[in-house]
Amino acid sequence: MDKKSTYPFRRLHTGIHHQVLRNWSSTNSFITADSLMYPIFIVEDPNANEEIPSMPGVYRYGIKTLLLILENLVNNNLKSILLFGVINTLIKDETGSNADSSENPVVKAIPLIRQKCPELVIACDVCLCPYTSHGHCGVFNSEGFIDNDKSIQRLSEIAASYAKAGAHIVAPSDMMDGRIGAIKERLVSLGLNNVSVLSYSAKFCSNFYGPFRDAAKSAPSFGDRKCYQLPQGSSGLARRAVERDVEEGADMLMVKPGLPYLDVLKTTKEQFPDHPLFVYQVSGEYAMIYHAAKAGAVDLQKAVEETMTSFRRAGADCIITYFTPQILEWMASKNKN
Ligand code: PBG
């Protein structure tokens, strides 16, 4: 065969000239309602509806407002949520007592959400930072260092209280060693065998959490989180952290943040292809895209959809994103056309 006459002989365009053909080559990249989880901040005041200044379009809701919002979102195909509690009047102390007290806004909200939206999957973030006086994700020993073993006992108590209230999934975001095992053990000992653990397994010490710390009022009052969150340059520690969590029995894994860590997402999927893998498009990523679109630098819908496709291509089975309501809206209007 005369190669010159057919050059270039690898002709990829012949496989992508029609949407149906493009779909066949993108089977892992489809965005479905199932593959989206919506993070929600919930406060004590039942009527609250406060926009978060650093995350325009994202609100802190009280339970009354939230139930109304959820009804619409579920009608629009929302399948799962991730709840974060934020406290104003309840006391913050050394051990985060109000993370699992009966007054905690998440503990109070779960049964009501289950009643109103029985099909909705409810995950709860499990952490100490929104409830401790120092704003760190663990408890301290008398020398002023994080006490890992005490922290994981506390975290397992908090996870158990959300599970008892009716959460389908508990999601520890603290990054202490051994927390998955401690939580699993406590859930089993309480007979809560149908509650899954979604581990924030490869969670990096990131600058993109800034708006979230405003939203959750959870910025550390001193120091930073470098001693328990992963160093930005280390894919080796990410692999070891994921392996640790799988060994301890995590049902689902997570990489966080999203876009700056797509490589870690891909290698995590390759490392453990049989565990559902989540990616968290965090608050700073949300703000970045929101403001870029606002300034006319990118088209919001197209840019958001491109990030979704990238997450799916890199191996994410589910994407946690503050854009969920908009994406569901876009899906609904595409289906109408
Ligand atoms: C709490 C927690 C954080 C996020 C989720 N859970 C903040 C942090 O670790 O500092 C960040 C989520 C986001 O930025 O959207 N430990």
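In helix α10, the buried residues are S283, E285, Y286, A287, I289 and Y290. I start there, but keep in mind that this is a predicted model. The protein chain has a mean pLDDT of 93, and 98% of its residues reach 70 or more. For the complex, the predictor gives an ipTM of 0.96 and a pTM of 0.94.

Back to α10. This helix covers residues 283-294, and its 12 residues should span 16 Å at 1.5 Å a residue; the end C-alpha atoms are 16 Å apart, which agrees. What do the buried residues of α10 pack against? The partners are β3 (55-61), α7 (210-215), β10 and α11. After α10 comes G296, with a positive phi near 80 degrees.

S283, one of the buried residues of α10, is also among the residues that surround the ligand.

Next, helix α12, residues 324-336. α12 has 13 residues and reaches 18 Å from its first C-alpha to its last, close to the 18 Å expected at 1.5 Å a residue. Which residues of α12 are buried? They are T324, I327 and L328. These three lie on the same side of α12, because they cover an arc of only 100 degrees around the axis. On the other side of α12, S333 and K336 are exposed. The buried residues of α12 pack against β1 (36-42), α3 (63-75), α11 (300-314) and β11 (318-321).

Last, a loop residue. P276 is found between α9 (262-271) and β10 (277-281). Is P276 buried, exposed or partly exposed? P276 counts as partly exposed, because it has 14 C-beta neighbours inside 10 Å; a residue needs 20 or more to be buried, and 12 or fewer to be exposed. Leaving out residues up to four places away in sequence, P276 touches M252, D317 and C318. L253 is 23 residues from P276 in sequence, yet the two are 6.4 Å apart in space, C-alpha to C-alpha.

How values were computed. Residues numbered from 1 in each chain as written. Predicted model: local features only at pLDDT ≥ 70, side-chain atom pairs only at ≥ 80, totals over all residues. Near = placed C-beta within 6 Å. Helix = DSSP H or I, 4+ residues; strand = E, 2+ residues; numbered from the N terminus. Expected span 1.5 Å × (residues − 1). Arc of directions from axis to C-beta. Contact = placed C-beta atoms within 7 Å. pLDDT = per-residue confidence, 0-100.
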